[in-house]
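Please read the following points beside the sequence and the structure.

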Amino acid sequence: MSVTPDLIREKLIAEIGAIHVDVEDTSPNRCAASFKVLVVSPQFEGKPLLQRHRMVNNCLAEELKEIHAFEQKTLTPEQWEKKKAQ
Amino acid sequence: MTDGVFNQSERRRQKRDPIAFILECLYSRGRSLRPVSYFGEALWRLLREVSNVFETSFNLYQTLQTCTMNSIMRTAARCLRSGAYRTAQNNGELLSVWARLMCSSSAVLKTLEEMVKKDKVVVFMKGTPAQPMCGFSKAVVQILRMHGVDSYAAYNVLDDQDVRQGIKTFSNWPTIPQVFINGEFFGGCDILLQMHQSGDLVEELQKLGIRSALLDQEKESK
C-alpha cells in the first residue's frame with residue numbers, strides 16, 4: 001500500500017491527537033515519495049523540538065520506510081494561533 | 001514484564017532459552033525498538049531463524065534495562081563471539097552469516113559512536129560542504145556557515161552505505177542530514193532551521209563555546 005497524504009493525516013490525528021494537519025506531497029520536486037507536513041497538536045505542549053519530531057517519526061515509522069524525503073513543522077495550538085494571526 | 005524488573009519465572013526462562021527470551025522482550029517492547037533500518041530488520045529475521053539452534057549463556061538484564069537497539073545488538077554480538085553454543089551441521093552457514101552481520105553492524109555502530117564524539121559539531125549529509133547533493137543537506141551547510149561554524153566534521157553518506165544505514169539506526173532517525181552537537185543527536189534540517197530562526201541555535205553554539213558569527217553582525221549594525 002503506498003503512502004498517501006490522507007493516510008498520513010489520519011495517522012497523525014489518531015495517534016498524536018493532531019487538531020490540524022497540512023500534508024503537502026512534494027514528490028514532483030524530487031525523484032521519489034516526499035512529503036512536507038505541518039502538525040498542530042496539544043500533545044506537543046512543553047516538549048522540545050526534537051521530542052516533537054520524534055513523536056511524529058514514531059507515529060509514521062512504517063510510512064517513513066517508504067518515504068524518501070520528509071519535512072515537518074510541529075506546533076502547539078497556541079503557536080498555531082499566533083502564526084495564523086501574523 | 002515491567003521495566004528493569006524480571007520476576008523469578010522470567011529469570012528461569014532467560015537461563016533456559018536466552019534467544020527466545022530476547023525475542024520476547026524485543027516483541028513486547030516493539031514500539032520503542034521499531035526497526036526502521038536494514039540492521040534492525042536483518043537482526044529481527046536472523047534472531048527468529050536461529051532461536052531454536054543456539055544455546056548460549058549471557059545476562060540480558062542490564063542491557064534490557066536501557067533497551068536500545070544498539071545495546072541489544074552489541075550484547076548479542078558479544079555473546080556470539082564469546083558464548084558457548086551448539087549448532088547442527090546444516091546450520092553452520094546460518095551461524096557464520098549471523099556472526100558476520102552482528103560483528104560488522106556492531107563494529108559500524110561502535111565507529112559511529114566514536115565519529116559523533118570526536119568533534120563538537122558533526123554532520124552526516126549527502127555530498128560534501130563544498131558540494132552538497134541534496135537540498136536539505138545544503139540548507140544545513142548554509143545555516144552553519146551563517147553562524148560562522150566552519151570547522152565541523154562532515155561525513156558523506158553517499159560514500160558508504162553502511163554509514164548511511166547505520167547512522168539511521170544509531171540515532172533512531174529516519175532521514176539524512178543529521179546534526180550531532182557534543183556527541184548528541186541534535187536534529188535534522190527542519191530542527192536546525194527552526195532553531196536558527198528562533199535564535200535558539202546561537203544559544204546552543206554558545207554552550208559549546210562557539211561564538212556565532214551572527215552576534216558579531218548584530219554588533220556591527222548597532
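1. The contact between the two chains draws 18 residues from chain A and 19 residues from chain B, where contact means heavy atoms within 4.5 Å. About 1,500 Å² is buried between chain A and chain B, and carbon and sulfur atoms give 57% of this area. Buried area is the accessible area, taken with a 1.4 Å probe, that two parts lose on being put together, summed over both. Of the area that chain A buries against chain B, A:Leu49, A:Leu50 and A:Arg54 supply 30%, more than any other three residues.

2. This is a predicted model, in which local features need pLDDT of at least 70 and side-chain atom pairs count only at pLDDT 80 or more, while totals for chains, interfaces and linings use all residues. Residues are numbered from 1 along each chain as its sequence is written, chains are lettered from A and ligands numbered from 1 in the order in which they are written, and side-chain values use heavy atoms, with hydrogens and water left out.

3. Which polar features cross the interface? Across the interface of chain A and chain B, the rule finds 0 salt bridges, a salt bridge being a side-chain nitrogen of Lys or Arg within 4 Å of a carboxyl oxygen of Asp or Glu. The rule does find 3 residue pairs in polar contact there, both residues at pLDDT 80 or more. A polar contact is a pair of N or O atoms within 3.5 Å; within protein, one must be able to donate a hydrogen and the other to accept it, and residues adjacent in sequence count only if both atoms are side-chain atoms.

4. On the side of chain A that touches chain B, the elements giving two or more residues are α2 (49-59), α3 (61-64) and β3 (69-75) of chain A. Helices (H or I, at least four residues) and strands (E, at least two) are DSSP runs, numbered from the N terminus.

5. Chain A has an open sheet of 3 strands in the order β1-β2-β3, with mixed pairing; two strands pair if DSSP finds at least two bridges between them. β1 (20-25) and β3 of chain A are at the edges with a single partner strand each, so one side of each lacks a neighbour in the sheet. Strand β2 (residues 34-40) of chain A pairs with β3(A) in the parallel sense over 7 bridges, and A:Leu38 stands opposite A:Lys73 in β3(A).

6. The search of the whole structure finds 7 salt bridges over all chains. One of them joins the side chains of A:Lys84 and A:Glu81 (3.7 Å, N to O). Both residues, A:Lys84 and A:Glu81, belong to helix α4 (residues 77-85) of chain A and lie 3 residues apart, about one turn of the helix.

7. Chain B has an open sheet of 4 strands, ordered β2-β1-β3-β4, with mixed pairing. Its edge strands are β2 (153-156) and β4 (184-187) of chain B, each of which pairs on one side only. Strand β3 (residues 178-181) of chain B runs antiparallel to β4(B), joined by 3 bridges, and B:Val179 stands opposite B:Gly187 in β4(B).

8. Where do the backbone exceptions of chain B lie? Most residues other than glycine have a negative phi, and most peptide bonds are trans. The peptide bond from B:Ile176 to B:Pro177 is cis, with omega near 15 degrees, and B:Pro177 is in the loop between α8 and β3 of chain B. B:Asn172 lies in the loop between α8 and β3 of chain B, and has a positive phi, near 50 degrees. β3(B) and β4(B) form a hairpin with 2 residues between them, and B:Asn182 in the turn has a positive phi of about 55 degrees.
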